[in-house]
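Subject: Structure handover

Hello,

Here is the structure I promised to pass on. Please open it first, then read the notes below.

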Amino acid sequence: MDNNHHHQEESFWRKYIFSVDHKIIGLQYGVTSLLFLLFGFCLMMVMRWQLAYPEEAVPIVGKLLGDGGILLPEIYNSLGAMHGTIMIFLGIVPLAVGAFGNYFVPLQIGAPDMAFPKLNMASYWSYFIGGVIMIASFFSPEGAARSGWTSYPPLADIETGQTMWLIGMVFLITSSLLGSINIITTVVQLRAPGLTWMRLPFFVWSQFITAFLLVMAFPPLEAAAVLQLMDRVVGTSFFLPSGLVVSGEVLNVSGGGSPLLWQHLFWFLAHPEVYVLILPGMGIVAEVLANNSRKPLWGYKSLVYSITFLGFMSFIVWAHHMFITGMGSTMSSFFQTTTMIISIPSIIILSAFFITLWGGSIRFNTPMLFALAFLPMFGIGGLTGLPLGFAAADIHLHDTYYVIAHFHYVVAPGTIFAMFAGIYYWYPKMTGRKMSDLLGKLHFWPSLIFMNGVFMPMFIQGLAGVSRRLWDGGLQYAHASGTLQWNEFMSISAWLLGLAQIPFIINIFYSMKNGEKVDRNPWGSTTLEWVAPSPPLPHVNFDSIPEVHRDPYEYSIPGRKRDFTPQTEPKKG
Amino acid sequence: MAEILHYLGLPINMSVDGPAIDEVIVLTHWLMLVLFVGWGAFFIISLVKFRSSKNANADYDGVKSHISSVLEVVIAVIEIVLLVGFAMPIWASRISDVPEANSGAFHARIIAQQFAWNFHYPGDDGIFGQTSPNLVDEMENPIGLNRSSEGAADDIVTLNQLHIPVNTRIRLDLTSKDVIHSFSLPELRVKQDAIPGMKIPVHFEATMTSEEFLAEMVGTSREGKGLEIACAQLCGLGHYRMRGFLTVHDDEGYQAWLEEEKLYLEENSDDDDWGDDDW
Amino acid sequence: MRIFNSALVIIGLASSSFAGDLTGTVTYDGKAPKKKMLRMDSDPICGAAHKDAVYTESFIVDENGNFANVFVYLKNAKSDSVPSEAAVIDQNGCMYSPHVLGVQAGQELKILNSDQTMHNIHGLPKVNKQFNFGMPKTVKEKTVTFKKPEDVFVVKCDVHPWMKSYVQVFDHPYFAVTGLDGKFTISGIPDGEYEVVAWQEKFGSKRIMTQSVSIGKDTQTLNFTFSRPKKK
């Protein structure tokens, strides 16, 4: 950028806090979102105590709860709503898009920075404020939101705590909009010479499509959040029908609104949001798989077409979340059909990943382990979406633990494993040192086992028809009685999963000082970020703007000495 | 597969419409299983066969055949069959075959509230009395029934107790007083949101009485536990215990229950009108 | 059933003026409305708590016309003292006990749960802050306080819709609720002229009865009679 010869003079604040360097902002996003992920996970670990041992005092944090340490149902609902909100909007999206997107999109396209560095900083600080509001809501007199992360009115209109949630969401959405505009512009405008669309690494494609999803799907939710805020604060009735009687008293509102309007607006965001959560993960997995199987990504073009199609289709499947709201057969047929159609590109992508392995020379380092585990885990998550996509089967499975298991398989051992793969893979680029492989494996294996320990039994409970969001985990209900023994098993798995993250946390700090020092390209990789110094130069990234001559994954070209050929290497070199 | 799913937790099915739903669940799980086993086998073979210690040099091209495209088309076709052959017709019958009022089907209303189910039966005349939010009194008139409106005098209102006859088409019209609830009968494969401001019908037919169900459950973890109504949509702090009770009677049992309710209604009906007297 | 509010102990005899008592009986004249049976089959734990039939408590009158659960209180009294002892409302057998309860502003109200089921106690005051929380069977006690005096409002259970009680918040201790014998006593009232109010839920806010009384050294007696509303 224009001021690159001034950067030594930058103050600490300008350099690390109010930075406009995409790498610093990416790190800010990364650290903040990892802390939020940990916090959201802790909320769940507290909830799992109540599910395993209903109405027994919670150890360790019980004192914070009052009432003899028992997690009351209203607080349980708060933790549930905030777990979802934090994991999705404060954890995974900012980690996948804010951190990985910010840091590696410019590097992978050979750009010196994002197209709008100040917008980038505004995006981070808007996210930060949104996060502060969400955390502060726990300490407000009304407490945190307790209407689920979906915030369905009328409940969300009348339940306490929701106002701060809505204000927080407005900031978070604004942040995502700013960030995604930036990524789109950057990819369109700042690609290095020679980097044509079909030479883009798959990760850049995934970020590019994700940014489009965010920029088009979030505005309806932002509008909806403002409408709900008005329902709560200034007495409108956008989502409140007439004649409501709450707790024996006629609700004094003008009425005439529609609770279903919210659901349409919400899911119009939240289904593309699912793909926002998964696409960057797929992008990372593609990078790691190609690199560690020492082979070009199989079916690169069909992957690009699939992911683009997936992005498009994700806008017209939202109402499959609403089959049992009284939907007619025309609408349900349409949404069932689109849902089945969208499953095809997902299957193509996953199949291409599997096929990439065939004929490779597979290295089992930590990033690769996480990327490999992503495949079957995401497979389970994706496949179990099928019965939910058929309206008839959904009648039995809707709003049960089957749904919880399904989307957690997509997001937890799916996306989060992909994020771990990304962290282990790109850590040397960010720090110049590798993370410890031993600690990495100590992180991976228990995580894989306990992830399944947490989520696999949920399918069983879901098949039995046990509803989600039950404070006692179904203890009241006869139909749950055959599956209750799993609650304790899942909770213990969750706590062990928590312990399994300790090697990772140690590894991050330990390797900063003690990790193996590496050169620019420790993994023998082909894409542009590995041409830059580690860490890349402040504000400019590269020593000189790289020039691109090749496809992104030129591994093991027959007849060459090295098993990788960087994108910058001229064809006749 | 059906046996496996039942073994895993899928409850017994006691509805005429249930087997079709179960069939979609079963077929979809077959598809899932085949795909997962296929992928999994390929995955494990790849990992073992092409580990770097065994295969030092990768093959630039890898898989050359495009059999995967064929397989993907096959999956698409299977999905289309499931969609058009099963899911859509089942849904259509759920939506379109709602029995008309007074068609001989059992007809009642459900008014959900935080945190209980109110059931409104029209009584012998088959006419539901008028209700109004202004008449709601949680203790004495939870659904705000105007007893002096047409057909209201014999209406029966119960709390959390749904009684229906066996082998009869049941139509229930769902609504809610306050927030969204979801009416779920796992053994009858019924689930429908109850949304304030909307009236949504569901219909089903039970194939066994509660007694027969209990007899069936002997020796399982459900022994001695009758049929229940669950709330499937988060509705507030009492969501977890918004549990109703379903009793399926044979015809005599149902008539006996009706008589009992009529007696209760007679004994407890208002003998005076404190509400609209003039002072 | 608690008849007298614990607050009456507090009265300041130290003041220079005399203090007197007010006592009396509230009766009902006319044919009583039919008792309504409460059905608790919607929560088996509630049903199991009662051997005999349970009836609504909104209108309790004996054969002599003695009227229970009537609020009697002085309207224009004032007092700065706030009792340190908490008022108590219990959830027992899925009924509120007492059914009608007076507390003072600033006084603690202890909410007990004697049942083996969860209650969701929801207070619906208009002036004071509403409260709404779950009390699972393991949570035996919670406390709330009302900051400002407020006319009678409903405290109910969102899980057991029939559970309903009436609470009024006073800025003085001169109030009582009639017992099953229809009697009430308010003690230690500083001498002066007062308006005495009698309120019963079935008669609602439009049918409040008011009488004037002059309190001196001795015990004053004041009776109220509610009559059945006549049809036009």
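Let me start with one residue. A:Pro112 sits in the loop between α4 (73-108) and α5 (117-137) of chain A. Keep in mind that this is a predicted model.

Is A:Pro112 buried or exposed? The cut-off for buried is 20 or more other C-beta atoms within 10 Å. A:Pro112 has 20 C-beta neighbours inside 10 Å, so it counts as buried.

Now pick a second residue, A:Phe334. A:Phe334 and A:Pro112 are 222 residues apart along the chain. Their C-alpha atoms are separated by 45 Å.

Chain A as a whole

Chain A has 18 helices and 2 strands. Its radius of gyration is 24 Å. The globule rule gives 25 Å for 573 residues, and the value for chain A is close to that, so chain A is as compact as a globular protein of that length. The C-alpha trace of chain A spans about 80 × 55 × 50 Å along its principal axes.

How much of chain A is buried? Of its 573 residues, 62% count as buried. The contacts are worth a look too. Take those in chain A between residues at least 6 apart in sequence: 80% of them join residues at least 24 apart.

Chain B: two domains

The domain assignment of chain B gives domain 1 (2-57 + 66-96) and domain 2 (106-268). Note that domain 1 is given in two segments. The C-alpha centres of the two domains of chain B lie 36 Å apart.

Where the domains meet, 9 residues of domain 1 of chain B are in contact with 11 residues of domain 2 of chain B. What is the make-up of the side of domain 1 that touches domain 2? Its residues divide into 5 nonpolar, 3 polar and 1 charged.

Chain C: a sheet

In chain C, 5 strands form an open sheet. Their order is β7-β13-β12-β9-β10, and the pairing is mixed. Which strands are at the edges? They are β7 (100-104) and β10 (131-135) of chain C, and each pairs on one side only. Neighbouring strands of this sheet are turned by 20 degrees against each other on average, direction ignored.

One pairing in chain C to look at is β9 (residues 119-123) with β12 (residues 150-157). These two strands run in the antiparallel sense over 3 bridges. To find the spot, go to C:Ile121, which stands opposite C:Cys157 in β12(C).

Best wishes

Key. Residues are numbered from 1 along each chain as its sequence is written. Chains are lettered from A and ligands numbered from 1 in the order in which they are written. This is a predicted model: local features need pLDDT of at least 70, side-chain atom pairs count only at pLDDT 80 or more; totals for chains, interfaces and linings use all residues. Helices (H or I, at least four residues) and strands (E, at least two) are DSSP runs, numbered from the N terminus. The radius of gyration is taken over C-alpha atoms; the globule rule is 2.2 Å times the number of residues to the power 0.38. A residue is buried if 20 or more other C-beta atoms lie within 10 Å of its own, exposed if 12 or fewer, and partly exposed in between; C-beta atoms are placed from the backbone. Two residues are in contact if their C-beta atoms, placed from the backbone, lie within 7 Å. Two strands pair if DSSP finds at least two bridges between them. Axes are lines fitted to C-alpha atoms, for helices over the stretch in contact, and angles run from 0 to 180 degrees between N-to-C directions. Domain bounds come from an automatic or database domain assignment. Ala, Val, Leu, Ile, Met, Phe, Trp, Tyr, Cys and Pro count as nonpolar, Asp, Glu, Lys and Arg as charged, and the others, Gly among them, as polar.
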